[in-house]
Structure formats: C-alpha cells, structure tokens
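Subject: A structure for you to look at

Hi there,

Here is the structure I promised to pass on to you. Have a look around first, and then read on for what turned up.

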Amino acid sequence: MSRAVVVVLGCTGSGKSKLAIDLATRFNGEIVGSDAMQIYKGLDIVTNKITKEEAAAAPHHCIGYVSPFAQYTVAEYQAHASAIIDDIHARGKLPVVVGGTNFYIEALLFHQSFAEHRLDDASTARPAYEAARSFSPHGATATTASAPTASAAAGLSLHEQLKLVDPLMAQRLHPRDERKISRSLAIYHQHGVPHSTMLLTHLATNQQFRPRYHPIICCSIDCPPDKLYPRLDARVDAMMETGLLSELRDFHQALHTDGRFSVTPPPPPSPAAPATATDPASASAP
C-alpha cells in the first residue's frame with residue numbers, strides 16, 4: 001500500500017489552500033491541516049479558516065477541533081493527525097498536508113518523540129518563576145552545579161535564571177521569549193537536568209527524523225513580494241468587512257468571563273469525517 005503524502009508549503013497569502021484543494025480534487029485526496037492557529041474552534045476570520053465552498057470541494061481534517069481554552073501540544077497534534085493520515089491511506093486516498101506551522105509539519109512527517117520533554121500537570125500549572133525560584137538541583141553536573149537557590153534567583157529575569165542552569169538553551173532562546181524560557185526552566189525543575197542536555201541525549205540515542213511516509217512530495221509556493229503584499233492587504237480589508245473586530249471582542253469577553261483552562265486533550269480520532277458546511281472548520285472566512 002502506498003504511503004505517499006503531499007505537503008503544500010508557503011508563506012501566508014501565497015495560495016496554499018487553493019493549491020491543496022486542487023491537488024486533493026485531482027488526485028483523490030483529503031486535506032490535513034497543519035496550522036497551529038486553525039486547530040482551535042472559533043476565531044474563524046482572523047485565522048482564515050476554509051470557506052463553505054472550500055469545505056465542499058474537498059474533505060478537510062484537523063481544523064477547528066480544539067477548545068481555545070485548552071492546553072494542546074505538538075505531541076498531541078502529531079498523534080491526532082498521524083492517525084487521520086493512516087485512515088486516509090487505509091481508504092486508498094492521498095493525504096495532502098497544508099499549513100503554515102512548519103514545526104507541526106515536521107513533527108507529522110518525521111519520527112520524533114516528545115515524551116521525554118513533557119511536563120506533569122503540577123509543573124505545567126506552576127508559574128515558571130515559582131519553579132525557577134524553588135530549584136533543588138539534583139543529579140548535578142558541570143552545567144547544573146551553579147543552579148540558583150531561592151534567594152539567589154529572586155532578583156533575576158527568567159532568561160538570566162535559564163543562563164545559570166542551561167546556558168546552551170539560554171543562548172538559543174531570545175530573552176523575551178518567556179513562553180519557551182518558562183518551559184525550559186520548568187523542565188529543569190521537574191527533572192533536574194538541563195533541557196538542552198535532554199534534547200542532545202535524545203538525539204544521540206534515537207533515530208530521529210526518519211520519514212514516516214514514502215514518498216513525501218513537497219510543493220513550496222514562492223510568491224514574489226510585489227504580488228504577495230497586495231493580496232495580504234486585500235485579505236485584511238476583507239477580514240475587517242466580514243467582522244474581524246467583533247470576532248476578537250467576543251473572544252476576549254469569553255476568555256475573561258466563561259473561559260476555562262483545561263489540560264484534557266481532545267479524544268483520540270476515530271476514522272475522520274470530512275469537514276462539512278456546518279462544521280466549525282467550515283465557517284465562512286475570506
């Protein structure tokens with residue numbers, strides 16, 4: 001049985017969605033979304049989800065299926081989307097992966113394990129600065145020997161704290177990227193080992209980045225700026241006319257009134273049903 005996958009890559013506004021639909025229609029395919037924003041329910045306008053017409057043209061998956069108030073990781077996307085691709089293959093059809101999140105696409109196409117880098121619920125929920133200030137270095141190495149105590153870390157920024165326990169990761173991350181810095185600090189807090197060390201060990205002991213599928217056919221769209229920028233301007237204008245500001249106001253209100261943070265992932269995918277005109281994935285958008 002063929003394990004072929006087609007991947008459509010390109011910058012925002014380059015025409016990825018149209019090309020993916022054309023390919024799926026021509027080669028008996030189904031589209032698998034790989035956009036870290038379009039996976040969430042709602043915000044259909046600002047994330048430029050598929051229109052009713054596009055949903056009717058070809059089956060779409062991995063769009064609008066996660067609560068925007070839920071924690072969702074690339075590992076969960078990898079498991080969800082790969083099960084859908086397996087089902088598409090089992091039905092003798094061609095998966096067409098399309099999206100703007102290269103990290104998701106890479107995780108889907110190549111063998112990678114994220115289990116070693118997951119945090120337990122307690123570490124995930126604990127504010128990163130609290131984790132950093134409650135370090136109890138164990139399994140100390142040359143890298144971890146200078147880990148801060150509660151009093152020493154109190155006056156340091158998150159990035160400065162990361163420099164003390166994981167200088168390699170601190171060099172890799174921008175000082176203002178607090179989300180990734182917080183994650184690296186929390187991983188160190190939970191495991192007592194620098195995040196960079198865990199990554200290097202994992203790469204050395206596992207056959208990472210072996211393709212999951214064969215062949216993988218990549219279609220990369222190169223749209224020159226003089227063509228792209230007017231298209232992006234027109235898209236934003238259309239979004240405004242369609243109700244972008246109202247959508248954002250409604251989401252902001254939901255976030256601060258009845259939003260709930262949940263660490264419960266969506267249920268495992270059953271044989272995936274294509275998006276229809278009534279699905280969240282198919283809400284009208286420019």
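To begin with, what share of the contacts in the protein chain with a separation of 6 or more is accounted for by residues 24 or more positions apart? The figure is 77%.

Please keep in mind that this is a predicted model. The average pLDDT of the protein chain is 79, and 73% of the residues reach at least 70.

Now for the overall build. The protein chain contains 13 helices and five strands. It has 286 residues, 41% of which count as buried. Its accessible surface is about 15,300 Å², with 57% of that belonging to carbon and sulfur atoms.

Next, the inside. In soluble globular proteins, nonpolar side chains tend to be buried together. Here, the largest nonpolar core is made up of 24 residues, and Val 32, Tyr 72, Tyr 77 and Val 97 have the most contacts inside it. At least two residues of this core come from each of β1 (5–10), α3 (74–90) and α4 (102–109). Helix α3 gives the largest share, with six residues. Another core, of 13 residues, lies apart from the largest one; Val 8, Leu 23, Ala 24 and Ala 58 are among its members.

Is Ser 184 buried or exposed? This residue of helix α10 (residues 178–191) counts as buried because its relative accessibility is 2%, under the cut-off of 20%. Beyond residues up to four places away in sequence, Ser 184 touches Leu 162, Met 169, Leu 173 and His 195.

Finally, the outside. Val 46, Val 236, Met 240, Leu 245 and Leu 248 form a nonpolar patch on the surface, and together they have about 390 Å² of accessible area. Helices α12 (225–242) and α13 (244–257) are the elements that give two or more residues to the patch. One of its members, Val 236, lies in helix α12 and is partly exposed, since its relative accessible area is 44%, between the cut-offs of 20% and 50%.

Enjoy exploring!

Best wishes

Methods. Residues numbered from 1 in each chain as written. Predicted model: local features only at pLDDT ≥ 70, side-chain atom pairs only at ≥ 80, totals over all residues. Heavy atoms only, no water. Helix = DSSP H or I, 4+ residues; strand = E, 2+ residues; numbered from the N terminus. Buried < 20%, exposed > 50% of the residue type's maximum accessible area, 1.4 Å probe, protein only. Contact = heavy atoms within 4.5 Å. Areas by Shrake-Rupley, 256 points an atom, 1.4 Å probe, with all protein chains shown as cover. Patch = residues over 30% accessible without salt bridge, like charges linked within 9 Å, V, L, I, M, F, W, Y side chains within 5 Å. Salt bridge = Lys/Arg side-chain N within 4 Å of Asp/Glu carboxyl O. pLDDT = per-residue confidence, 0-100. Core = buried A, V, L, I, M, F, W, Y, C linked by side-chain atoms within 4.5 Å.
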